[in-house]
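Me: I've got a two-chain model open and I'd like to learn how to read it. Can we go through it feature by feature?

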Amino acid sequence: MDKIAQLLKLLENTDTIELNEFRMDFEELELHLMPAVQQVVGQAQQAAIVKEIMPAEEFKPPIHDYPGEVAEVQLGAGSRKQVFLGGQKALYRFEEPQPNPPVVTFDVFDIPMPGLPRPIREHFEDVMEHPGDWAKKAVKDFGANMVTIHLIGTGPKVMDKTPKEAAADIEEVLQAVDVPLVIGASGDPQKDPVVLEAAAAAAEDERCLLASANLDLDYRKVAKAAVDYNHAVLSWAITDINMQKTLNKYLMKEGLTQNDIVMDPTTCALGYGIEFSIDVMTRTRLAALKGDTDLQMPMSSGTTNAWGSREAWMKKEEWGPTDYRGPIWEIVTGLTLMLCGVDIFMMLHPQSVKMLREIGETFTKEYMTTEVPDISNWVSQLE
Amino acid sequence: MAVTAMDVYKLLPKTNCAKCGEASCMAFATKLKDKEIGLEICTQLAANEFDKLADILAPAVREISIGKGAKAMIAGGDEVLYRYELTYYNQTPLVIDISDDMDEAAFDERVKKIEEIQFERTGELLTLDAIALRNKSGDASRFKEAAEKLKNANLALVLCSFDADAMKAALEAVGDERPLIYGATENNIEEMATLALEYDCPVALFVPNDLEKMKELSRTLRAKGITDIVLDPGTYVNAGIGDTLDDFIMIRRLAVEERDEDFRFPIMGVPALTWLNTEEDEVNTAIKEATIATTLINKYADIMIIHGTEIWELIPVLTLRQSIFTDPRKPQAVDAGVYEIGEVNEDSPVALTTNFALTYYTVEGDLKSGNANGYLLVLDTEGRAVDVAVAGGQFNGKAVADLIKESGIEDDVKTRKMVIPGLAAPTSGEIEDDTGWEVVVGPRDSSALADFLKEKV
Ligand code: B12
Ligand code: SF4
C-alpha cells in the first residue's frame, strides 16, 4: 500500500518519463489493488495516457502510392475543340494534381421543353426553338466547355422524331458551336440505339460522347456506332458497382478501350439518396486507383437530376424563393460528387455551372501555390 | 488503423460469464468494435482494464462536447475516411456567428432567428446547434456583456476572440457553460491554454494553412494536459479552397490512418469567411457560402461557423448533413402497417405507399397539409422508394396481400378499394389479383394525392 500511495503521488507530477515508468510498474501491481484504490488509480492513469507525449516528429503529408490510374478520354476532334477527361494518378491534389479539371456540359434540348423549371427557362427562353441557337448561347454567354444535346423529341411518346431528323438536329448544333458534344437520346430502350447510331454517323470523327449504353438496351449497337464513327460511350449503371463493371467489360468486348468509355454511376440528388451516389462513386474511384481495369474510366454525373427534388422546384413560402433554391440544389449535388471524383457534369443553370467550375479548377493546381488572403483577423474584420 | 474484434477480445476477461447479455466475450467484443454497445455494460473489468479498452476503442477523431445539459453538442467522433466503410458519427454542429458590437435590438433579433431556424425532413426536425460570439468591438467588457446575454439563449456557445483578456472576461460570465474557446494562435497560446485549463473548456487552435505549425501547437496544448482541442486550419473561399480541402483531408488522413495524436481532433470550417471582403451581392454571397459549407461537410468539417441565416441557404446544408450522416448499415425506414391520417371511420379511403422514410414522410406531409382523411397502408419495402421497390421487386401483389392481412385493415374499413402511387402502376394488376381489392392508380407525385382522394375516391 505504501508503494501505491507513493506512486499516486508521483502521478500528480506532470513529468512524462516518470509517468511512463510508473505505468509499467502499475501493470504488475494491478491485480492486488482494492477496488476503491483501483478507481483512483484508474483516473490518474487516464491522465497519464493523455499526457504521454512522444517527442515531436516532423510533419509529413500523408501521401499514398496508387498502383492504378484513371484513363484519359478525349472528347472533341475534327472541327471541335478538344476536352480531356480523367487521367488522375492520385486521389487528391496534395498527392498529385489531376491533369484535367472537371468539365461542365450544358444541357440543350431538341424541343422547346416547356417543362423546364422557370429559373432555367428564363435564361434560354429566346433560343429554345432551335437547338443550335440554344447551344450557341450556352457557349457564348455562359462559357460552356461542352454541350449536351438531348434528343428528347425522338421519344415515341414525345414527338417520335425519326433518326434522320435527329441527325439533322445534330448537324445544326455541330454547325452552331465548336465545343465537343454529348449526344443523349430519349430514354426509350428500343429506339435509343438507332437514334444514337444515326447521330453518331452525322457527327463522324468529331468525337462526341454517346449517351448512353446500359444493360437494358442494345448496347452493342451503341458501342459499334462509337467504334465506326470515332466517338466515346457513356456507360450507365444504376448505383451498382458490379453492374458497372459488367457493362464496362461488355463494352470493351465490343472493341471500345478504356479511353473510349465514360461511366455514369447514376446521380441521386441531394436529399434523394445522394449518399448512395457518394458511396458508389468513392468506391469506383478508389477501385480505379487500386488497379481495377474495369473501373478505370472517368465518371460523369447527370447533375440536372437535382431539379427533380422538391426543395429545388416546389413553391413554398417558408423555404424561400425557388430562384435561389434550384441553383443551390444543383450546385450541392454536383459539387458533392465532384469531391468523389466525378469528371464531367451535365448541368442546366448558368450560376451553378460557374460555381462548380471555380472549385473544380483548383484540382489541377499544386498545394500551396495559390495566393490566399490574410484571414488572421477574421473575427473582428467580418462585418 | 481500425481495431478488430480480436484486439478488443484480448483485453476482455474472456470468462464468457454472459453478464453483459451477450453469449460470449467475443460476441461482446464484436459489438464493442461496431459501437453497438457501451464498454460499461461489462461489469467484470478492473479500472485499468477499462481504461485500456476505452483507449483502443476511442474513435480516431476525439469526441468533444461543447455546451452543457440541453445545450450540449458533440463534434468529432469519426472512425473512417469514407462513410461506406462504417458510418460517420455526430452530425457536424452548425454554428451561426453574432458580433458583440450590435445594438441590443438587432442582437436579440439575430439570436431569436438562430434559435428558431428549423426545417423538417423525413420526420426529423433539422436545426442549428450553437452561436459563435465574435469580439468584433475589440473591447473586453462589451464581449463579456454580450456573452452574459447569450446565457439566456438555448444554444451552445463558441467564444471568438484572439485577445486573451477579452476571452478571460467572457469566461468569467459563461465559463461554467463549457463554451468552445476560439481561439488559440501562435501568439496567444500560453494564455489561451491557461484559460482552457482554468475553466475546463475545449479550445480551438487557429493556424491558417500551415499544418506543420498546427502540429507543433497541438502538441504544445497536449503537453499542458489539454485534451479537448478543435483544429481550424483556415477556410479560404476563392481559389484558396483547394488548399483548404487539402488541409482538411490531410488532417483527417493523419488521424484515421496514422493515428497521429496531434491531429486526432475535430476540424473546424468557417464558411462565414465568404462574407469577408466579398464583392458579390448578398444573394450570391449566400449561395457561395452554402457552396463552401457543403464542400467542407463533404470533406471532414466536424463543426462549422456560418454567417448567413436565410432559410434557403441553410436548407441544402442541413439536408446534406442529414444525408451524409445516415448510417449506411441501416435502411432509412418507418414501421410497416396502417397509419391513420386525420379523422378516419369505416368509410375512409385507403392509400398505399412504402416504408422508405423519405417516401413515407413526404406522403404523410402532403396528406396532412392537404387536410386529407384516410388510412395509409405502409408496405415493407426494406426502406426503398416506390419506383426503386417496383424495379427491385419488393413492391408486389403478394407483399400487399400480406400487408392487408397482417394489418387488419379489412376490419377497419368497408371499402375494398385502394389508391396506389402512380409510379407503381405496373403492379396494379397483380395487386388486384392477389388481394381481391380494386386498385386505383393515383398521381405520380403525392402532392396531388389529398385532392385526388377527395375528388376521385
Ligand atoms: C436513390 C435511388 C436508389 C437507391 C435506393 C434508395 C431507397 N432507399 O429507395 C438505391 C441506390 C439503393 C437504388 C437501387 C435501385 N434502383 Co434506384 N433510384 C434511386 C433514385 C435516384 C431516387 C429514389 C428516391 O429516393 N425517390 C424519392 C421518393 C420520395 O420517391 P417515391 O418513393 O417514388 O415517392 C414519390 C412518389 O412515388 C409519390 N408517392 C409515394 N407514395 C405514394 C402513394 C400514393 C397513393 C400516391 C398517389 C403517390 C405516392 O410521391 C412521392 C413524392 O414525390 C431514383 C431516380 C429518381 N430520381 O427518382 C432511382 C430509380 C428509382 N432506381 C431505379 C432502379 C432500376 C434501381 C435498381 C433496380 C437498380 C439496380 N442496381 O439493380 C435498384 C433496385 C434496388 C432494390 N429495390 O432492390 C430506376 C427505376 C426505373 C423504373 N422505373 O423501372 C430509377 C427511376 C432510376 C432510373 N432513372 O432508372 N436506387
Ligand atoms: S460481461 Fe464481460 S466478461 Fe462477461 S461475457 Fe460479457 S464481456 Fe465477457
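Me: How many residue pairs are in polar contact across the interface of chain B and chain A?

Reply: Keep in mind that this is a predicted model. Across that interface the rule finds 24 residue pairs in polar contact, both partners being at pLDDT 80 or more. On the side of chain B that touches chain A, α9(B) gives the most, with 10 residues. That side divides into 38 nonpolar, 22 polar and 24 charged residues.

Me: And how many salt bridges are there between chain B and chain A?

Reply: The count is 10. One to click on is K136(B) with E383(A), where the closest N and O atoms are 4.0 Å apart.

Me: What about the interface as a whole: how much area do chain B and chain A bury between them?

Reply: About 6900 Å², with 66% of it on carbon and sulfur atoms. In residues, 84 of chain B are in contact with 79 of chain A.

Me: Switching to helices, how do I read a packed pair?

Reply: Two packed helices are described by the angle between their axes and the distance between those axes.

Me: Which residues of α7(A) and α8(A) make the contact?

Reply: From α7(A), P193(A), V194(A), L196(A), E197(A), A200(A) and A201(A); from α8(A), K221(A), V222(A), A225(A) and Y229(A). They divide into eight nonpolar, no polar and two charged.

Technical notes. Residues are numbered from 1 along each chain as its sequence is written. Chains are lettered from A and ligands numbered from 1 in the order in which they are written. This is a predicted model: local features need pLDDT of at least 70, side-chain atom pairs count only at pLDDT 80 or more; totals for chains, interfaces and linings use all residues. Side-chain values use heavy atoms; hydrogens and water are left out. Contact means heavy atoms within 4.5 Å. Buried area is the accessible area (1.4 Å probe) that two parts lose on being put together, summed over both. A salt bridge is a side-chain nitrogen of Lys or Arg within 4 Å of a carboxyl oxygen of Asp or Glu. A polar contact is a pair of N or O atoms within 3.5 Å; within protein, one must be able to donate a hydrogen and the other to accept it, and residues adjacent in sequence count only if both atoms are side-chain atoms. Helices (H or I, at least four residues) and strands (E, at least two) are DSSP runs, numbered from the N terminus. Ala, Val, Leu, Ile, Met, Phe, Trp, Tyr, Cys and Pro count as nonpolar, Asp, Glu, Lys and Arg as charged, and the others, Gly among them, as polar.
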